[in-house]
Every structure is written in C-alpha cells, then in structure tokens.
Amino acid sequence: MPTIGAVRSDSNGGGSTPQKRRSISGGPISPPSPVKWKSPRRSVNGSPNTPSKEIEKGSDSKTSRLHKSPRKNLSVVEKSKWNPRDSKQMNAVKEALHVSTVPSAVVCREEEQNRVMNFCKACIEHGKSGSLYVCGCPGTGKSLSMEKVRQALVDWAAQTGFQPPDLLSINCTSLTNTSDIFGKILEKHKPRKKNNSSVSPLQHLRNIYSKKQQSTGMKMMLIIADELDYLITRDRTVLHDLFMLTTLPFSSCILIGVSNAIDLADRFLPKLQSLNCKPMVVTYRAYSKDQILKILQQRLMALPFPVFQPQALELCARKVAAASGDMRKTLSVCRSVIEILEAELRESINSLDLLSSEKGAFDQQAMPTLDSKNQKIDIVRVDHMAIALSKTFRSPIVDTIRSLPQHQQIILCSAVRLFRGGRKDTTIGELNKSYVDICKSVLVPPIGILEISSMCRVLSDHGLLKLGQARDDKLKRVTLKVDEADIAFALQGIRFFRNCLLQ
C-alpha cells in the first residue's frame, strides 16, 4: 500500500492529475484504501491538491486566530457576573451604596469646591479672616465637599510653604446650647488653658481678636459650622456674633457656615450687610438626572461586577431628579431595591426547597425550572427599581392608576403609545384600534367600542383623561391630563404592561 508521502510525490511530480497504473495483464490495479482528509477549516493540513503556500497561509491565519482568542476570553472572564447569593459580594454592594461611604472624589461639584477653595487660599495668603456661607437643598454634597476642601487645603499649605491652619469642624446639632459654639472655638485656640468663669467664651474671643498678638503671630483657623440653621434663635444674636468674629481687626478666623436654608444670609444677617461684612454665598443646586447617574456609576465602578441594568439606574436618577435631586434619597432607593432583590431570592429558594420536599428527592421534573429561575436573579431589573421607587415616592396619581381595572390600564397604556410621536390628542376610534392591538398581542379578549367610550368617561372622572364633545363617540377627542412618565412608572412594575410599553 503506498504511503501518504508517495501519493503526494506522485501528485506533485507529474504536475497533472495522476493516472491509474495498470498491471502486466492490462487490468487496472485496485486503488489503495482512500485516506480521509480533514477539512482545511478543521485542520492545518489541506487536501493533497492544496498548494503548499496556501497551507502555510492557512496555518499562519489559524495560528494568529489561536493567539487572539485568549485575549477575548480574558476580557470575558474579567467581566464576571454578580452573585447575590454570595454574602461577601452582597455586603460589598451595600457598602458601596451606603451614605457613610466616602467616594475617592466628589464629582459634579468641581465648580463649587473650587470657589470655596480659592476663598480659603486667599484668606491664608493675605493672612485675613473671612466668612463664607454654603447653602443648598439636602443631599446635594455640601458636607462631603467641605471635607474634601479641608483635606485639600492642608495639602496645599504644605506644598506652598504656608503655615497650615488649625481645623475645627462643628455639627451644630450636637451643641446643647447654641452659645456653646464659642466655647468650642476658644478651646481650639487655647486647649490647655481653662477659661475664667467671670468672662464668657464669646467675650474672651473678642478680646483675643481685638489685640495684636506677639511677633510669632497666631495661626489661621478654619471653622466649618455644619447645620448652621440650628443656631437660629429668636433674636439671632448667636449667628450675628459668630459672623462678627471675622470682622474684628486681628481676627484669624476663616468661617464657613453650611446650611440647607438658601436665604439665611438675607433673612438672619441684615446687620452684617449694613456693616459690609456679609458672607460670600456659594449655592449648591439640586442634582440633575445626568449628575445623579454619573455619581451612581462612580460608586458602582469600584465593584468588579454589574449590579444594575442601565435602564434601572436611569429610571432611579430620573425619578429622584424630578422629585428632589437628593443624592442621599437616591442611595436610599438603591439600597431598598437591593433588599427587594434579596427578598425575591429568598422566596425563590424557599419555593425550591418546598418543591423538593413535596416531590421527594428523586422527582426532579419541576426543580430545574425553579433552579434556572433562581440562577437568573443576578441583576437589579427595571421592575425591581419601580417597586422601590413606588415605596419611596408615594404619588396619588400613581396609586390611582395602579388601582384601576386591567382594561382601563390597557387604555392608558394605549394612549401612551399613541402620544409618543409628539401627538397631543387622538380620537376614541384611534384609541380603540391601539387598544385592540395590545389586547391581541397579549392574548387578552378586547371589549367593544361602547365599553371603551364608557371607560374613557370613567378615566376622565378620575382626572386622567380629557374628553372632547362630538355626536359620535368614535370622533370624541381624547387628551392625557397626566404625565406619560407617571403612567409608565405606575405600570412598568407589572411585566404585562412593561412589555406593552416597550413595544
């Protein structure tokens, strides 16, 4: 039997298709048993007719593909899935979303921080006191920004050669009496010296800041008074006296007051304005949807696995931004949705255990279905987020929509689909067509046009729709009186309607 090498030499030696050899008797010799050649796609070696150059080219391309494939596999391995059944991973997610977790950098507040930082730098460079008032709604990053400014100011002073200021942070809610803040400041100036009981801490501070100190001078002091509105008294003397300390001739105070009251400087410090010592004001506006989304993404970036669907995060950011723009509220909603996911996971595990105990250890027919459902709970979906938001933001409109019968909810869903293209109104006839299409797509028997007309009147009585006048019910104009986002928010927690809204 000829070898494979012989077959190749014969085929290549003649330069043409090899002829069958004949025996002495003239009959053809039976060909050798055919060799099963592998496909060029499966093997580097081609068929006997494959030129050597093409084989080498195929070999190189195959080798290059083999070299590239590990990189692709490595990128897939790096993007691991979140396992909410792992307690360590769950605790890491909760810690990343906790309010007390300080991020490495405060995003979306660079402009405000720079203004505060430049103010403090100017005071230290010129050796002059000054006052600044930071205001904004709750949860807009005021306290966190002040902590970052405090750290950055110390680093800046060390780099530029200036003497770093003494730092004093006071949360005014912790003070027993409002006037205790002056004792805190005096203690920072002279920690070892006991104050004479006959002189109040405020008077002692006035004496210090009214006289020129020794040649060595006095270090500047940065005072950050958080929750400043707790110092508001009936006669406002404490607030007035606190800011007046920065106006004394030899004062070394850099006072930063932080409060949620935006107009506190105008309402409670009129005397300072008359003395031309009204504090500089830096306002922290409520976070927008894009800013909330960016902050959430920054916090979740520290985790090596995805936790939220992008649509779920966007829904949370949009709802919180429309309501208050409070980042603390956003983190509260995200932690709440993690608890909802945990509850769903426990329920799935309990159902699996119950089924296994009822069916017995050898009946595995229904268990794979529940087990696969359990495995799919590996990310926070939009319906999870909708439930958490509904618990946090209770709206009478949303509650009304959720309490409606199914067909009335389908009518509202049909109206939302019709008005997506920018239309402001439609007719009951067109609304009925959209309603029938949705019913057919979800296999729900539709009701007649007369029932549709009567249900539209009911929805009009609820204040959800507005009906026009016409002799024929089909020609009556229909307009939505509520925001489409409220309808979508109320119904997207139900899978049936979520699919309808996505169509």
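Helix 8, spanning residues 237–244 of this predicted model, is largely enclosed by the rest of the structure, because six of its eight residues are buried (buried meaning under 20% relative accessible area, exposed over 50% and partly exposed in between, with a 1.4 Å probe and protein chains only). Helices (H or I, at least four residues) and strands (E, at least two) are DSSP runs numbered from the N terminus. The buried positions of helix 8 are Val238, Leu239, His240, Asp241, Leu242 and Phe243.

Residues are numbered from 1 along each chain as its sequence is written. Because the model is predicted, local features need pLDDT of at least 70 and side-chain atom pairs count only at pLDDT 80 or more, whereas totals for chains, interfaces and linings use all residues, and side-chain values use heavy atoms, with hydrogens and water left out.

Side chains of opposite charge can pair when their charged atoms come close. The structure holds 12 salt bridges, each defined as a side-chain nitrogen of Lys or Arg within 4 Å of a carboxyl oxygen of Asp or Glu. In one of them, the side chains of Lys289 and Asp290 meet at an N to O distance of 3.2 Å; Lys289 is partly exposed at 23% relative accessibility, while Asp290, at 52%, is exposed.

Lys289 also forms a salt bridge with Glu314, in which the closest N and O atoms are 4.0 Å apart. Since Lys289 belongs to helix 11 (residues 289–300) and Glu314 to helix 12 (residues 310–323), this pair ties together parts that are 25 residues apart in sequence. Glu314, which is partly exposed at 30% relative accessibility, forms a further salt bridge with Arg318, with 2.8 Å between the closest N and O atoms. Both of these residues lie in helix 12, four residues apart, or about one turn of the helix, and Arg318 is partly exposed with a relative accessible area of 44%. Through shared partners, the salt bridges join Lys289, Asp290, Glu314 and Arg318 into one network.
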